[in-house]
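I opened the notebook to look this structure up piece by piece. My entries follow in the order I took them.

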Amino acid sequence: MPNRRLFQYEKLPFSLKMSAPFILMFFIFWVVGSLAIARYFSVKLAQQQRQQLEESAALVKQNLEKELFNLRRSVRLLATNQPILDGIEQQDRGLIQREVLPLVPALETDAVQVIDADANTLLDSRRRVLREVTINLQTTLELLRIGAGVSTIAGTGELSPPILVGTTPVKNEEGVIGGIVLGVVFDSHYLKVISQSIEGHLVVLYEGAEIASTLDANAIVPRGIFDSTISAHRDSVVLQGQSFFTQHIDLSEMSNEPFDMVLLLPQTSLRASQRALWIFIGVVAAIGTLLTTVIGAWLARKLTTPIKELSETALQVVKDNDFDLRSHIDTKDEIGTLSTSLNQLIQWVGEYTHELQLSAQTLEARVEERTQSLTEALAELQETQSQLIQTEKMSSLGQMVAGIAHEINNPITFIQGNLRPLEQYFQELLELVEAYRIEYPNATDAIIEKEEDLDIEFILEDLTKLMTSMKMGTQRVCDIVVSLRNFSRLDEAAIKDVDLCEGLDSTLLILNHRIKQGVKIVKDYSSLPPVKCAPAQLNQVFTNIIANALDALFETKTEPKQITIATCVSKSDTVQVRIKDNGPGMPPAVKAKIFDPFFTTKAVGKGTGLGLGICFKIIEQHQGTIEVISEVGQGTEFLITLPTDTSLSEQETTQAA
């Protein structure tokens with residue numbers, strides 16, 4: 001079966017064989033990435049909904065505490081009213097009524113009760129809804145007798161709404177002479193008032209039974225449905241086919257009675273947002289897949305069409321012996337050069353063939369006059385012709401191989417050359433967006449919501465990283481093409497014994513254009529034994545650390561700017577490299593994360609190349625260690641310790657790269 005599939009793959013057109021693996025790989029990564037992103041933001045939406053629910057519950061509790069505080073303050077104001085004080089002291093109910101009843105509308109309370117020192121009622125003014133219920137004030141009255149005022153939630157019956165109560169004792173010079181009680185009914189109307197600033201519904205329970213709620217009048221809350229929710233801390237509940245997030249509001253600090261309050265938030269908006277998110281991600285994934293397929297097919301056709309035309313021309317010349325055929329490709333790239341060489345080859349072979357044909361005709365006319373030596377000469381000439389043709393074919397084949405190598409390099413160079421203007425266009429678009437934000441700071445709700453859904457800051461930052469990755473990828477392909485051309489380097493080993501001091505010097509040579517900007521390099525090299533390693537990777541580590549040191553020095557006003565590089569033999573089989581700068585140093589928070597993957601302290605668009613996380617991985621694969629020593633204001637030092645002989649293999653170095 002594998003041989004059969006391989007045979008079928010070999011039959012595919014060259015353009016399809018070239019583009020299909022890359023298109024398939026991109027499609028897989030695109031789909032998987034889209035699903036991961038959709039899943040991530042779906043979870044984030046649920047978390048935001050839960051956080052909103054908790055904040056709303058805290059706001060409701062804060063409103064209740066504020067209402068109790070207002071009741072306590074209002075009742076204290078009544079207790080300081082001298083006519084009311086005189087009325088209680090004289091047991092004058094009429095005076096008390098004349099002073100208190102006009103104040104009831106301003107107090108916005110549902111019940112006012114004035115008692116004397118023996119708990120006898122001097123005034124009991126209630127709203128109609130409270131006239132037929134008994135307010136449980138036994139504990140409150142006992143506290144009033146000893147001169148203590150309270151604010152609490154009191155019950156009015158098993159299935160009746162409770163009441164918010166504020167009390168204060170009334171005192172004269174002799175002591176407590178009575179007390180005043182103010183109350184507000186904790187019913188469904190009051191719940192709607194305190195829930196105006198939040199989304200969702202409130203339900204007040206007494207021993208698991210609903211006694212007040214903001215739900216629709218037709219909504220029936222089964223008795224005990226919230227008992228397991230509160231005790232087990234469940235996140236949601238279903239009422240009449242609709243799902244709600246639930247949040248328990250603790251009332252134990254406001255009342256000694258078994259009251260509970262539950263905040264319900266419908267899940268409808270969350271489900272709709274998640275569904276819209278999945279639809280959007282699916283559309284984007286489909287569009288991306290389609291564009292990738294079209295662009296990949298177009299590039300493959302663009303690359304292979306000239307090669308196919310050259311191949312067909314060569315085959316037609318060989319098949320028909322028509323040396324008047326010519327390739328019509330006149331581009332200025334490697335394919336154009338290959339086409340010119342092929343046309344020249346066809347012309348030469350045609351001329352040689354024509355000359356040979358003339359010679360053959362001459363030999364045939366004089367065949368009777370020539371001796372056997374002329375026949376042998378003719379045979380020798382024909383053999384020479386055959387060798388010449390074979391030689392020219394081999395030369396053409398070599399040029400074709402070189403042309404193909406150049407052709408592969410050409411589109412990569414084209415892509416690499418377009419990355420810079422692409423990055424510039426992206427930066428200009430970013431500046432345009434920033435200009436819009438400055439000129440139109442008051443964005444609409446739709447724009448704000450769209451920015452939050454898309455996480456525009458993350459996208460802008462990630463696009464810069466993608467641009468950097470594309471640069472690194474194209475450069476890597478260019479390096480591969482160069483390696484194919486430089487055959488003399490193919491026999492070099494990836495792992496070999498090197499002098500680390502030479503690697504440091506070559507790194508400094510690469511960064512010389514930045515060092516010339518005012519940085520002094522102090523070298524303190526010791527004689528080191530050869531180190532068995534992957535020199536290219538260690539040079540990348542040195543380059544990244546020194547480049548980061550230069551960045552740090554250029555961001556500070558420290559003078560003189562200096563980088564010290566020292567090498568030494570720490571043990572018999574271990575060497576050390578120290579790279580130290582006198583820059584601003586690093587705070588502990590940055591130092592703790594310096595080797596984390598994707599961590600950076602640079603602004604978006606600054607810094608490219610190998611990160612310190614990958615540096616750490618390379619040193620680790622060489623069985624070495626890398627340490628950072630830094631304090632704010634004291635500079636930064638990197639200490640690299642490597643064994644002179646490691647068991648590193650070429651496969652491991654490939655994986656590290």
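**Surface and overall make-up.** I began with the accessible surface of the chain, which comes to about 39,800 Å². Carbon and sulfur atoms account for 56% of that surface. I noted that the model is predicted. I then looked up the residue total: the chain has 657 residues, and 35% of them count as buried. I found 19 helices and 17 strands. I also checked contacts between residues at least 6 apart in sequence; 65% of these join residues at least 24 apart.

**Nonpolar patch.** I looked for nonpolar residues on the surface. Ile279, Val283, Ile287, Leu291, Ile295, Trp298 and Leu299 form a patch there, with about 680 Å² of accessible area together. I picked out Leu299, which is found in helix 9 (residues 268–320). Leu299 counts as partly exposed, because its relative accessibility is 35%.

**Helix 4.** I turned to residues 93–100, where Leu95, Ile96 and Val100 are buried. They lie on the same side of helix 4, because they cover an arc of only 115° around the axis. I asked what covers these buried residues of helix 4. The cover includes helix 3, helix 5, strand 1 and strand 2. At the N-terminal end of helix 4 I found a cap, Asp92. A side-chain oxygen of Asp92 lies 3.2 Å from the backbone nitrogen of Gly94.

**Thr556.** I located Thr556 in the loop between helix 16 and strand 14. Is Thr556 buried or exposed? It is buried, because its relative accessible area of 18% falls under the 20% cut-off. Its side chain makes a polar contact of 3.2 Å with that of Thr558. Leaving aside neighbours within four places in sequence, I found Thr556 in contact with Lys561, Gly583 and Pro584.

**Salt bridges.** I counted 5 salt bridges in the structure.

- Lys523 and Asp505 meet through their side chains at 3.0 Å, N to O. Lys523 lies in strand 12 and Asp505 in helix 14, so the pair ties together parts 18 residues apart in sequence.
- Glu637 pairs with Arg578, the closest N and O atoms being 2.8 Å apart. Glu637 counts as buried at 13% relative accessibility, whereas Arg578 is partly exposed at 30%.
- Glu620 pairs with Lys617 at 3.9 Å between the closest N and O atoms. They are separated by about one helical turn, because they sit 3 residues apart in helix 18.

Methods: Residues are numbered from 1 along each chain as its sequence is written. This is a predicted model: local features need pLDDT of at least 70, side-chain atom pairs count only at pLDDT 80 or more; totals for chains, interfaces and linings use all residues. Side-chain values use heavy atoms; hydrogens and water are left out. Buried means under 20% relative accessible area, exposed over 50%, partly exposed in between (1.4 Å probe, protein chains only). Helices (H or I, at least four residues) and strands (E, at least two) are DSSP runs, numbered from the N terminus. The arc is that of the directions from the helix axis to the C-beta atoms. Contact means heavy atoms within 4.5 Å. A polar contact is a pair of N or O atoms within 3.5 Å; within protein, one must be able to donate a hydrogen and the other to accept it, and residues adjacent in sequence count only if both atoms are side-chain atoms. Patches are made of residues with over 30% relative accessible area and no salt bridge: like charges are joined within 9 Å, nonpolar side chains (Val, Leu, Ile, Met, Phe, Trp, Tyr) within 5 Å. Accessible areas come from the Shrake-Rupley method with a 1.4 Å probe; for residues, only the protein chains shown count as cover. A salt bridge is a side-chain nitrogen of Lys or Arg within 4 Å of a carboxyl oxygen of Asp or Glu.
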